[in-house]
Amino acid sequence: MESKKVLENLIISGIYFLQDKSLLEEILSFQESINEKIDRIVSSEKFACEKECYYCCIGWEVKGSIPEILLLIRELNALPEEKREEIAKRLEEYKLLEKKEDIPCPLLDSNLCAAYKGRPFVCRTYSSYDKKLCEKKKEFVFPEIVEKALDTVNKETSLVEEPFNYLFDTKIPITEISFDRENKLFFLNLAETVYIYPAKENIEVKAGKYAKI
Ligand code: SF4
């Protein structure tokens, strides 16, 4: 996708959100319903994956669509303040790393994902029949259900109209997540137009520098 057009549509989306944040809430509910569908597909098959197995959380920088990253942030913001600060520190250190091979995801906490309920597609669908292959980082063919889950996501998101479809099509890394030291909350800076603070009970949208021009 052409990057200027992407940026324009992200800015337009941000302006809509400033005017009416219920649009953003709708988008997050839609993403949640997609996540539920993905979970149903993945749970229809028996894998070797189990709680506290975290080989797939090491050595790569997780990416997700903007709604996925916002749901991830919402889970982070529901953590106790001390834990949020701890993860924010790890995230800042992680951002400074040039190479991330063998480095655990900064959201990995005591062998568990700190934002498990809001994890993005790549994490939701990473599934293996053999943990040894994951441990040794051996390449393996992903189960067919991953393709099925991807088809479901594409089918659902293809119904989203401009400018919001760009939110679903744009993949960003978790290093785009920021931490507000004053409010002790994670947020996303959307194209310098809005700062979005998703939380369980509320979603706060603040004007960024482009929205103030
Ligand atoms: S976001 Fe969560 S599930 Fe995904 S790699 Fe990081 S810790 Fe693991």
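Predicted model: local features only at pLDDT ≥ 70, side-chain atom pairs only at ≥ 80, totals over all residues.

Leaving out residues up to four places away in sequence, Phe17 touches Leu23, Leu24, Ile27, Phe164, Leu167, Leu190, Ile196 and Val205. Show these side chains together with Phe17.

Now widen the view to the largest nonpolar core, which has 40 residues. Phe17, Leu167 and Phe186 are the ones that touch the most other members. Helix 3 supplies the largest share of this core, with 7 residues. There is also a second, separate core of 10 residues; select Ile34, Phe121, Ile145 and Val153, which are among its members.

**Helix 7**

Next, select residues 144–157, which form helix 7. Its 14 residues reach 20 Å from the first C-alpha to the last, close to the 20 Å expected at 1.5 Å a residue. Which residues of helix 7 are buried? They are Ile145, Val146, Ala149, Thr152, Val153, Glu156 and Thr157. Look down the axis of helix 7: the buried residues fall within an arc of 120°, so they line one face of the helix. Then turn to the face away from the buried side, where Glu144 and Lys155 are exposed.

**Helix 4**

Select residues 81–96 for helix 4. This helix has 16 residues and spans 23 Å from its first C-alpha to its last, close to the 22 Å expected at 1.5 Å a residue. Colour Arg84, Ile87, Ala88, Leu91 and Tyr94, which are buried. These residues cover an arc of only 125° around the axis, which puts them on the same side of helix 4. On the other side, pick out Glu82, Lys89 and Leu96, which are exposed. What covers the buried residues of helix 4? Show helix 3 (66–77), strand 5 (177–180) and strand 6 (185–190), which are included in the cover.

**Lys171**

For the last stop, select Lys171 in strand 4, a strand that runs over residues 171–173. Leaving aside neighbours within four places in sequence, Lys171 is in contact with Gly64 and Ser65.

Conventions: Residues numbered from 1 in each chain as written. Heavy atoms only, no water. Helix = DSSP H or I, 4+ residues; strand = E, 2+ residues; numbered from the N terminus. Expected span 1.5 Å × (residues − 1). Buried < 20%, exposed > 50% of the residue type's maximum accessible area, 1.4 Å probe, protein only. Arc of directions from axis to C-beta. Contact = heavy atoms within 4.5 Å. Core = buried A, V, L, I, M, F, W, Y, C linked by side-chain atoms within 4.5 Å.
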